[in-house]
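This report goes through one protein chain for a reader who has not seen it before. Please look over the sequence and the model first.

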Amino acid sequence: MTRVHTVFDCKHEQDIDISVEDDVLIPEQVRGLGKCPACQGKEGMVPVTGVAPGPGGKDLVLDSILMMPVM
Ligand SMILES: [Zn+2]
């Protein structure tokens, strides 16, 4: 697990624990898509990670985190 500083669209910041492949670069700060779990008023949400090609298109970089409710 890796802890990522995530800034959500509601401007709240939270450290989210995620697991990604070893070859994915983790930036210091990642965009959280949508509102943070507290603003959504839901518990037990799990992070879904989005990756994008980094500069040069060679490496993969963690691009975004979306919090999804557990079914
Ligand atoms: Zn919030």
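## Basis of the model

This is a predicted model, in which local features need pLDDT of at least 70 and side-chain atom pairs count only at pLDDT 80 or more, while totals for chains, interfaces and linings use all residues. Residues are numbered from 1 along each chain as its sequence is written, and side-chain values use heavy atoms, with hydrogens and water left out.

Helices (H or I, at least four residues) and strands (E, at least two) are DSSP runs, numbered from the N terminus. A residue is called buried under 20% relative accessible area, exposed over 50%, and partly exposed in between (1.4 Å probe, protein chains only).

## The nonpolar core

A nonpolar core is a set of buried Ala, Val, Leu, Ile, Met, Phe, Trp, Tyr and Cys residues joined through side-chain atoms within 4.5 Å. The largest one has twelve residues: Val-4, Phe-8, Cys-10, Ile-16, Ile-18, Val-24, Val-30, Cys-36, Met-45, Leu-62, Ile-65 and Met-67. Two or more of these residues come from each of β1 (2–8), β2 and β6 (60–69). The most is given by β6, with three residues.

Leu-62, one of the core residues, is in strand β6. Leu-62 counts as buried because its relative accessibility is 2%.

## Two salt bridges

Side chains of opposite charge can pair when their charged atoms come close. A salt bridge here is a side-chain nitrogen of Lys or Arg within 4 Å of a carboxyl oxygen of Asp or Glu, and the structure holds two of them.

One joins Asp-17 and Arg-3, whose closest N and O atoms are 2.8 Å apart. This pair links distant parts of the chain, with Asp-17 in strand β2 and Arg-3 in strand β1, 14 residues apart. Asp-17 is partly exposed, at 32% relative accessible area, whereas Arg-3 is exposed, at 56%.

Arg-31 and Asp-9 form a salt bridge as well, at 3.2 Å from N to O. Arg-31 is in strand β4 (residues 29–33) and Asp-9 is in the loop between β1 and β2, so this bridge ties together parts that are 22 residues apart in sequence. Arg-31 is partly exposed, at 46% relative accessibility, and Asp-9 is partly exposed, at 38%.

## Surface patches

Patches are made of residues with over 30% relative accessible area and no salt bridge; like charges are joined within 9 Å, and nonpolar side chains (Val, Leu, Ile, Met, Phe, Trp, Tyr) within 5 Å. Accessible areas come from the Shrake-Rupley method with a 1.4 Å probe, and for residues only the protein chains shown count as cover. Lys and Arg count as positive and Asp and Glu as negative, with His and the chain ends not counted. The place of a charge is taken as NZ of Lys, CZ of Arg, CG of Asp or CD of Glu.

Glu-21, Asp-22, Asp-23 and Asp-59 form a negative surface patch. Within this group, Asp-23 is in the loop between β2 (13–18) and β3 (24–25), and it is exposed, with 54% relative accessible area.

A nonpolar surface patch is made up of Val-46, Val-48, Leu-66, Met-68 and Val-70, which together have about 370 Å² of accessible area. At least two of its residues are supplied by each of β5 (45–53) and β6. Val-48 is in strand β5 and is partly exposed, at 40% relative accessibility.

## Single residues of note

Most residues other than glycine have a negative phi. Lys-11 has a positive phi, near 80°. This residue is in the loop between β1 and β2 and counts as exposed, at 68% relative accessibility.

Met-71 and Met-45 are 26 residues apart in sequence, and their C-alpha atoms are 9.3 Å apart.
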